Amino acid sequence: MALSDAEGSPGAPWERPLAGTLDRLVVESELLAGNPLGDPARRPLYVYRPPGVELDHPRPLPSVYVIQGYTGQLDMWERREPFEPNMFERVDALFGGDGGPDAIVVFVDAWTSYGGSQFIDSTATGPYQSYLCDEVVPFVDERYPTAADRDRRGIAGKSSGGYGAMVVPMMRPDVFGALASHAGDALFEVSYIPGFRESARILRDDFDGSYEVFFERLEAADHFDLPRLGEPIMWYACAACYTPDPERPGKPLLPFDVATGRLVDDVWERWLELDPVRMAPRHADELRSMRRIYLDAGRSDEWYLDLGAQAFAGELDRIGATHTLELFDGKHGGITYRYPGAIRELVVALSG
């Protein structure tokens with residue numbers, strides 16, 4: 001038997017060595033300590049450095065923060081699909097010698113035991129937006145050769161991460177000066193409301209019409225049945241972020257009646273206030289100040305977030321905020337390949 005070095009083979013199904021460096025770090029968060037869900041305050045943080053970029057790099061570089069979608073955990077970025085590189089390998093290839101500008105790419109964890117944080121502060125889940133902006137960003141700037149300037153710092157994400165990529169720069173323009181959103185949550189009445197009726201039916205048929213029973217059985221389950229459990233937990237998690245119940249720590253006010261799926265109007269109105277499409281006119285100056293706004297979505301997105309991207313882009317047109325919108329053939333999943341191009345769009349804008 002002859003032995004050979006198969007590293008770098010394009011069809012190789014195993015890990016490809018990186019030309020750059022991926023540092024796996026831990027952040028000890030003061031802001032997340034004692035959060036209502038009892039989730040860990042020690043959080044993983046991955047930081048990618050391009051080939052040749054050491055900690056004593058002679059010039060400050062732009063940075064891009066990549067945030068995960070709902071149910072995403074940081075180590076999931078290492079997951080490999082058939083015949084494809086994983087996320088870290090894709091980013092590494094992006095900086096692999098084509099002469100483009102270098103940047104620091106930061107992978108942030110903002111998971112909660114409800115499955116996600118939507119990257120906003122909530123009394124039901126914890127101050128995850130503040131954690132990102134006031135703890136993670138300074139942590140990176142203190143340890144890496146980054147330009148500690150909002151005009152050199154961008155944020156990118158998909159789905160719930162795409163939502164965060166849209167709203168965090170609106171709410172914290174002092175921290176981020178560019179954004180890329182892949183199928184980010186937007187136009188809530190189109191993308192969200194159908195899930196409420198589905199959840200009500202699932203709760204009725206399988207969980208005695210009760211979220212308490214739902215979570216009891218979820219905790220006892222030996223696996224996560226996404227088709228059956230995904231819709232109810234997603235909307236409960238979003239409610240915990242958007243409309244926390246001031247009377248019940250860690251619990252939400254739901255925007256729909258669990259028995260029928262009918263909207264609870266006053267709660268739903270509070271959700272709409274956090275819809276990027278409706279936020280945009282209130283944050284016109286912040287959006288106009290962005291150095292780059294890049295949006296995309298698959299034309300067959302199951303949650304119709306392509307329409308959400310179009311609606312958000314329409315508001316950007318109305319307020320005079322320069323942006324790019326790309327619709328492509330695809331659904332909600334399987335679009336990790338879109339990330340590197342968007343990251344490059346941000347890096348080029350932040351390097352100028």
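Which share of the contacts in the protein chain with a separation of 6 or more comes from residues 24 or more positions apart? I looked it up: the share is 73%, where contact means heavy atoms within 4.5 Å.

I note that the model is predicted, with local features needing pLDDT of at least 70, side-chain atom pairs counting only at pLDDT 80 or more, and totals for chains, interfaces and linings using all residues. Residues are numbered from 1 along each chain as its sequence is written, and side-chain values use heavy atoms, with hydrogens and water left out.

**Whole chain**

I found 12 helices and 10 strands in the protein chain; these are DSSP runs numbered from the N terminus (helices H or I, at least four residues; strands E, at least two). The radius of gyration is 20 Å, close to the 20 Å of the globule rule for 352 residues, so the chain is as compact as a globular protein of that length. That radius is taken over C-alpha atoms, and the rule is 2.2 Å times the number of residues to the power 0.38. I then checked burial: 56% of the 352 residues count as buried (under 20% relative accessible area; exposed is over 50%, partly exposed in between; 1.4 Å probe, protein chains only).

**R90**

I located R90 in helix 1, residues 87-94. Is R90 buried or exposed? R90 counts as buried, because its relative accessibility is 14%. Its side chain has a polar contact of 2.8 Å with the side chain of E84 (a pair of N or O atoms within 3.5 Å; within protein, one must be able to donate a hydrogen and the other to accept it, and residues adjacent in sequence count only if both atoms are side-chain atoms). Leaving aside neighbours within four places in sequence, I listed E84, P85, T336, Y337 and P340 as contacts of R90.
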